[in-house]
Amino acid sequence: MSEIQNGRGLSLVPKSDVKLGMKDFKSDQEVRWCPGCGDYAILAAVQSFVPELGLKRENMVFVSGIGCSSRFPYYMNTYGFHSIHGRAPAIATGLASSRPDLSVWVITGDGDALSIGGNHLIHALRRNVNLNILLFNNRIYGLTKGQYSPTSEVGKITKSTPMGSLDKPFNPISLAIGAEASFVARTIDSDRKHLQSVLREAAEHRGTSLVEIYQNCNIFNDGAFDQLKDPEQRDDITLRLEHGQPIVSATKAVRRSADGGIEVVSRAEIAESEILVHDAHRPDPSLAFALSRLDEPAFEHVPIGVFRSVDRPSYDELMSAQLEEAAAQRGPGDLDDLLLAGDTWRIG
Amino acid sequence: MTKQVQQLDRVIIRFAGDSGDGMQLTGDRFTSGTAEFGNDLSTLPNFPAEIRAPAGTLPGVSSFQLHFADHDILTPGDAPNVLVAMNPAALKANLGDLPRGADIIANTDEFTKRNLQKVGYAVSPLEDDSLSEWRVHPVPLTSLTVRALEGFDLSKKDAERSKNMFALGLLSWLYHRPTETTIKFLENKFAKRPDIAKANIAAFQAGWNYGETTESFSVSYEVKPAKLPPGVYRNISGNQALAFGLIAASVQSRLPLFLGSYPITPASDILHELSKHKRFGIRTFQAEDEIAGVGAALGAAFGGALGVTTTSGPGVALKAETVGLAVTTELPLIVVDVQRAGPSTGMPTKTEQTDLLMAMYGRNGESPLPIVAPSTPSDCFDAAVEAARLAVKYRTPVMLLSDGYLANGSEPWKVPSAAELPDISTEFATAPNGEDGSTFLPFKRDTETLARPWAIPGTAGLEHRIGGIEKADGTGNISYDPGNHDKMVRLRQAKIDGIAQDIPPLEVDDPDGDARVLVIGWGSTYGPIAAAVRRIRKSGGKVAQAHLRHLNPLPANTGEVLRAYDKVLLPEINLGQLALLLRARFLVDIISYNRVRGLPFKAEELAGVIQDVIDSE
């Protein structure tokens, strides 16, 4: 079992002198999502969870792109930047890599992060910029009123696909692991306790944390995650990922398959020792990737929790180290020296 | 044999060869020797976009033109006095620019049947009388180089590669250039390969000695140092000056520089240069694309950095939405556009002034921003500082319009001392600005500049949210109120318009004060226009000249200047973009002169155009 190495996520962010509460993080703006939207639950979970990080409120920044979820920063009484479609990871990259003293959160959706902003997302992940990216996945375009999204299932009937969508969807977790992400997790809007525990781990991870949050759009894609919420089935479907613990649901378990992969089997049929024990800190990402494929194709069993959490230097740390190294080698910059370096000559 | 030395007041040399022949390096070294000698100079590199176009073909020709003189000069010169042609393609591609009587130094070794055929010569032009109007010096450059390097442990191919240094040695002899800097340069460049360094130095010296001893060169030339204002000088290209200007802006604003950039010709050298100077606390970020480059720069600006993005026209097109976000969030940002020939990919290594209207209007909504354009390679330094001053003071994106001609061209630059540079620092907001003493209004403006406060994360009590959605005046909260939107649109415009009070008036150069024709320009056309104006005046003509550095807003007296003349001529390397703006704004009937050939204007060409306008009075 690999050891946790990365608990330094918040070490450079100044701590608050006073104890802050949920109300300190609520802005004076009226929240304007549709009644019943899953975003309310996520907002409340975040607002009630961030005080426990003990950070100075002014050192927290929420950056978003465009979409329903991207209104989020307006409701947080921190610094916030509601930017343009798909570009939040790029903007946050500039901010986080030049300000290691900030806790920077990117709020995005499946269209914003995976369609128009797909390029920025994968590059933020591979660079390991010090960001917490919360990807609200409702598998639909909400703000533009109901077109299919890059996570919609094939055959989705929407306003723009009256005969069904043709595009194979992205699996955000697989995509993130493929893009060299150092922290990848999945949670769900309706399970506040789990949501907050994942957010806590994400916040404490230095580097990019990608958290996919299954979020219900009750207007354009209602019930997308009902199996995971239905008391009758949810405990059977949900495979809890907890580091060092066997990967099981109430009735199912994950084990190595004969062909070298992994498979889900009935828990009753196998010995406890055969069950795969989750190692989130495993340097090799292939097992985490295999876990991310378990919900295909029919959502019969869905892993929830932290798929992968490994330590590698974050982008701001590497960038700062180069600046320090340059200054140590040649001294801090002097403008006159710079302008006069090289071949010069004097007249008069 | 004592050779004759002839005095000249100025010379234009063009080195031309295959893109793999090292012509740019040869030109650079000749330029350094010339700068060190104390001539005024101006250079024009001209190279294909292909890294290695097929050898020996016309598209593969790379050239470097250098104009140097014993007086101050303004352009790299219209027509070369000397052409160094390393192969038949270089001769053919450049012969049209060569006036009768000019010298041609041709590398006879490359005038082989195959190379001649490649460019359509049936007979070698060195052997028929087709070049009788020029003074041809046939020199077997390649074989002389190989012979000079016989004692070295080099393959023939490696020895041949030093032929450009042989040519440089010969030309250095011909024009009495100092040799020490080139020798030192070669020692440094090949410090890890001392054998290669020695071979190149030997080739360079062999070229010099060849000039000294051979009979094909009976005369050498001297161009006395120019009388320039006293000071310390260096040679500098536009891109290097621009990069230095950005570093100076960072120092003078006391803001850490953050560059977000994506490689693109001809702007990449700014990224390369800035990435060398991390000890100034400069963060250079090579982004995944143009959009991320400007996005990261804007994000860094939100955090209190001097955010910069550098690109060329196609990149500006991609960045437009983010620049609009910077306009509406009113954050400082510098967008450098090193213009190149378009549309689309166009001609990446060729120059043009065709992005002015994109800089002005290439965004959705009413999104005004200041535009600054440098006029010469060294002026890129001051223009960068000025762009930063406006960005920081007015919390706005600023477009800095350089171009390929300025970027790669070079000239001597009187190096300023840091103490002479303006202080362009600003204050971050530190306390609530609401009337109740506790609220922070991120869009409450300075009454004079209309700039909003710059409150950066980490400042307690000033937590606020900004974004692309229209903001309520003062509070910055989301607002769809019609009256508020109209007000904000006008406020953003008024803020930019007000900068006209903070920039110098448009100066007119009209020595006698009685010219009836004004020639006005912007950006890199300054040199050719000023050189043309000199020619007109030398021949007794009267013409006034003005050059715009600020394209938006225009200097407050622009209309007054334009209306003071009977005729206003505006040469542009586009189809009349500034003319369109000036006509619309001032209702002055501008005479446009436009050529869009990917090359700078020639002084002679513009002198003719100015004369025609004067004559038509």
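The dialogue below takes the chain contact, then a sheet, then a record entry.

A: This is a predicted model, in which local features need pLDDT of at least 70, side-chain atom pairs count only at pLDDT 80 or more, and totals for chains, interfaces and linings use all residues. Residues are numbered from 1 along each chain as its sequence is written, with chains lettered from A and ligands numbered from 1 in the order in which they are written.

Q: How many residues of chain B are in contact with chain A?

A: Two residues are in contact if their C-beta atoms, placed from the backbone, lie within 7 Å. Here 59 residues of chain B contact 52 residues of chain A.

Q: Which element gives the most to that side of chain B?

A: Helices (H or I, at least four residues) and strands (E, at least two) are DSSP runs, numbered from the N terminus. The element is α11(B), with nine residues.

Q: In what order do the nine strands of the open sheet lie?

A: Strands pair if DSSP finds at least two bridges between them. The order is β7(A)-β10(A)-β5(A)-β6(A)-β4(A)-β3(A)-β1(A)-β2(A)-β17(B), with mixed pairing. The edge strands, β7 of chain A and β17 of chain B, each pair on one side only.

Q: How many bridges join β2 of chain A to β17(B)?

A: Three bridges join these parallel strands. In β17(B), B:Gly467 is the bridge partner of A:His82.

Q: What does UniProt place at residues 66-213 of chain A?

A: UniProt positions are given in the numbering used here, feature names are shortened, and annotations may be inferred rather than shown by experiment. The unreviewed entry lists "domain: Thiamine pyrophosphate enzyme TPP-binding" there. Residues 66-213 of chain A are 32% helix and 20% strand, and their end C-alpha atoms lie 17 Å apart.
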